[in-house]
Amino acid sequence: QGHLVESGGGLVQSGGSLRLSCTASTRAFSTETMGWYRQAPGKQRELVATFLSGGGTNSADSVKGRFAISRDNAKNTVYLQMDSLKPEDTAVYYCNAYRLRNGIRTDYWGQGTQVTVSS
C-alpha cells in the first residue's frame, strides 16, 4: 500500500477553489489509469473525474464546468482543480488508480483527503 499519496484538501468558503494532487509512488501506474472519486458522509463513493483510455476525460455531471482533471506524466501525478466550490462538494476525496490484468481490474486507493466547503 501507500502507492498513491494525495494532498491539497482543506476548508474553503463557497465559491472558492482548491487543487488536489495525487502522486503515484510506483511507475506501475500510468496516469491514464488514475482519477478522482469522493465520498460524502452517509453516501456511496462516487466518480468525480477520470481519464479515458485513448484521450479525453470523464467527469460527473455535478462538477462539469467547475472541476478539471489534469496530469503530469513526468511526475506521475494527477491533479484535480476545483473551482466554484459548493457546500455539496464537501467530501473525502480519494485518488484512484487501477491495473488491468487478464481482463480483471484491480483498484488502488489513496488515503483520502478531506474537502470541506462552508456556506
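View 1. Arg38 sits in strand 4, residues 34-39 (strands are DSSP runs of E, at least two residues, numbered from the N terminus). With a relative accessibility of 5%, Arg38 counts as buried (under 20% relative accessible area, 1.4 Å probe, protein chains only). Its side chain makes polar contacts with the side chains of Glu46, at 2.7 Å, and Tyr93, at 2.9 Å (N or O atoms within 3.5 Å, one able to donate a hydrogen and the other to accept it; residues adjacent in sequence count only if both atoms are side-chain atoms). This is a predicted model: local features need pLDDT of at least 70, side-chain atom pairs count only at pLDDT 80 or more, and totals for chains, interfaces and linings use all residues. Residues are numbered from 1 along each chain as its sequence is written, and side-chain values use heavy atoms, leaving out hydrogens and water.

**View 2. Tyr93 and the largest nonpolar core.** Leu4, Trp36, Leu80, Met82 and Tyr93 touch the most other members of this 28-residue core (buried Ala, Val, Leu, Ile, Met, Phe, Trp, Tyr and Cys joined through side-chain atoms within 4.5 Å). Strands supplying at least two core residues each include strand 4, strand 5 (46-51) and strand 9 (91-101). Beyond four places in sequence, Tyr93 touches residues including Arg38, Leu80 and Met82 (heavy atoms within 4.5 Å).

View 3. Look for Ile69 opposite Leu80 of strand 8; six bridges join strands 7 and 8.

Definitions and conventions:
Helices (H or I, at least four residues) and strands (E, at least two) are DSSP runs, numbered from the N terminus. Buried means under 20% relative accessible area, exposed over 50%, partly exposed in between (1.4 Å probe, protein chains only). Two strands pair if DSSP finds at least two bridges between them.
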